[in-house]
Amino acid sequence: MLIYVILGLPLAAALVAGLVPWRHWVGWMTTFANGSVLVFGVALCVKTVDHRALLALDGGLRADALSSFMVVVIGTVSFLAASQTVRYLSSEIDRGSSSSRHASLYVVLVQIFVACMLLAVLSANLGVMWVAIEATTIATTFLVGHRRTSGALEASWKYVIICSVGIALALLGTVLVYFAALHVGGPHSGPHGVSALDWTSLMAISHHLDTGIMRLAVALLVLGYGTKVGLVPMHSWLPDAHSQAPAPVSALMSGVLLTVAFYALLRFKAIADGALGIGYTRSLLIVVGLGSLFVATSLLLTQRDYKRMLAYSSMEHMGLIALGAAAGSSLAIAAVLLHILGHGIVKAVLFLAAGEIYLVEGTSTIDQVPALLSRRPMIGGIFGFGLVALLGLPPFSLFVSELNMIRAEVAVGLTWVAAISLVLMSIIFVSMMMHGRSMLLGDSTSSDGFGATARTFTVPLVLGLVVSAFFGIVAWPLAPLLHAAAHVIVR
Amino acid sequence: MSGSSYTQLLDLAAGLVLVCAILTLWRSDLRAITSILSIQGVALGVVAGVLAIHIHDGALAITAVIVFVVKGSVIPILIRQVVRRDPGSREVSPLINVPASLAGAVVLVAIAFLASGKITALFPNPASRLAPIGIATVLVGFLVLVTRRKTVSQIVGLLLIDNGVALVAFLLTTGVPLVVELGASLDVLLVVVVLRVLATVMRTHFGAFDLDQMQELRD
């Protein structure tokens, strides 16, 4: 029942938004719907934290602790993003760059997008999960191109082509896993039909899957889903799409879509580890993880656009969680999951703040928005604290999760990986601090922004930062859930 | 259906899928390319149909009909409408010329057969024996995608990759479960619809153009 409600909320919101013309209350209604996803997601966590799994739709939908955790992440980030919908759309309509029909389309697509992500994490069948993740690409294409500038169109074209190719490779990988499952113990035993792509049945027979086929399948899956995660080598869509999309959409894509794709990788990793041992997937994840960190570092050093800076920072963090998952111990997976939540919240806050800066300053060039702290203390303050949180400083939760991922990597003997990632993280830290300093500090000639920031903007974002700091200081409300969710993947 | 005619028909249809993929590299007339794509979709439907009859699988028969309709006619028609708005549209200057890309395709086919030999050797039967053809189609699709510069050509490249994956799925596993197949077909159809809209908007925005001209976003 709970699962149906969670999936139904964004769909119902999409339906209403599609039927009535755009009004402010429609935007607030979607905020309420996404906030309710968060609340019901927490309820789902309470039910699944003792290692049970809830089933629905004849076992087609399944929620264990890991799914429930992802529902909470999706609920949190989509609530934050939806809270800025009214602001974004009103400003677009006021400037005359968007019509109310466009606004309705935007709201409908965002809610369908959220529903697809929820289906991806709640489906028991890895094939259905694939369909849902592919559907997120379709739902977000027009959202990326919503501003209809030449840059936005270029970004959405690249986005849909590259991600569709990636997801096609992931399907090929899924087909090969299915093939391996059909042939367990001879050509005519093993599960058939839908159950052969059911995650729990695959886990049960993972030790008997053919290793040759699984090697090929896992490589394709890492490459394919890795595309949607924004990992090298097929990452080039990410900075374009994230910088061109409207701020709330960037927040959703960067904050949670990337990690939903990573969730798919985690599910397959568990099966692959059963079939191949932990070493094979580990080495693949280390390659793509360190590769992404390298690319992110080199492009952050000279970055001149603050939205692209945030996008490359997402690549950095996806690289970090790939390395954490490569370590693969239950401490590592728990840290990866905490990182997914912390990064989701903080990156959403930062993209929304960046959207607000873009709105009032009219440019996304770092050098052209100096002295934000004195000119616009509220926006500048939120952006500054967000940056501090993103760079992994205490008391924010990213500090705890990064520390634990490094500890876990050292504990399983991947000290060299931990060392390289620490070096790269320090370089990123310095370069983003420099960019942040030139945006936030400095003398201002005018102070035109005092008190001009709307409360509908500040309250949700400050709340997000507070939550992130809260989980950095006290881990106990999350610890049992993280433990249970990690236990789903690491037996 | 007797054993040998089953094998022959399967060989023929699967081979046709790959031949169509290579033909898209050879022709530069975009209208001809959409026709080739339609033939490929029909061939893919025949593969699924032949397998369905051979193993008496109702769900696979439904899949065959869906593939036949969606990939054999609906998607090619959708793409043809984009082409028609731009008459005389040709893929004039691909990044690699036609003879070179045909040679490249031959190399890719060889790679596909070498790389997937292991899979076919593991469970040899008339269908899985043909799986390298699907892999080869995927690789040729990649070649089209990275060397062609018209929006329509890129959509075609994407569909070649997709058809190749579908062919592998039919040959190795007699198709993924019906619910997944339905979802996947719907997704492909929607991707084409989305790309069609995007191509139209980009035409009105940029005029007649090559994708090379989109160079605003870079670091």
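Predicted model: local features only at pLDDT ≥ 70, side-chain atom pairs only at ≥ 80, totals over all residues.
For the complex, the predictor gives an ipTM of 0.95 together with a pTM of 0.95. Within chain B, the mean pLDDT is 88, and a value of 70 or more is reached by 96% of the residues.

Chains A and B meet through a contact in which 35 residues of chain B are paired with 36 residues of chain A. On the side of chain B that touches chain A, the elements giving two or more residues are helix H5 (117-122), helix H6 (131-147), helix H7 (151-173) and helix H8 (178-206) of chain B. Of these contributions, the largest share comes from H8(B), which supplies 14 residues. When the residues on this side of chain B are sorted by class, 26 are nonpolar, four are polar and five are charged.

Chain A is divided by the domain assignment into domain 1 (1-124), domain 2 (140-276) and domain 3 (289-491). The centres of domain 2 and domain 3 of chain A, taken over C-alpha atoms, are separated by 24 Å, and the contact between these two domains takes 22 residues from domain 2 and 25 residues from domain 3. On the domain 2 side of this contact, helix H10 (237-244) and helix H11 (247-276) of chain A are the elements that give two or more residues, and the largest share, 13 residues, comes from H11(A). By class, the residues that domain 2 of chain A presents to domain 3 comprise 13 nonpolar, eight polar and one charged.

A further contact in chain A involves helix H17 (residues 397-411) and helix H18 (residues 415-440), whose axes come within 7 Å and cross at roughly 150 degrees. Because angles over 145 degrees count as roughly antiparallel, H17(A) and H18(A) are therefore described as roughly antiparallel to each other. From H17(A), the contact is made by Ile406(A), Glu409(A) and Val410(A), while H18(A) contributes Thr415(A), Val417(A), Ala418(A) and Leu422(A).

Definitions and conventions. Residues numbered from 1 in each chain as written. Chains lettered and ligands numbered in written order. Contact = placed C-beta atoms within 7 Å. Helix = DSSP H or I, 4+ residues; strand = E, 2+ residues; numbered from the N terminus. Nonpolar A, V, L, I, M, F, W, Y, C, P; charged D, E, K, R; others polar. Axes fitted to C-alpha atoms, helices over the stretch in contact; angles between N-to-C directions. Parallel < 35°, antiparallel > 145°, perpendicular 65-115°, else oblique. pLDDT = per-residue confidence, 0-100. Domains from an automatic or database assignment.
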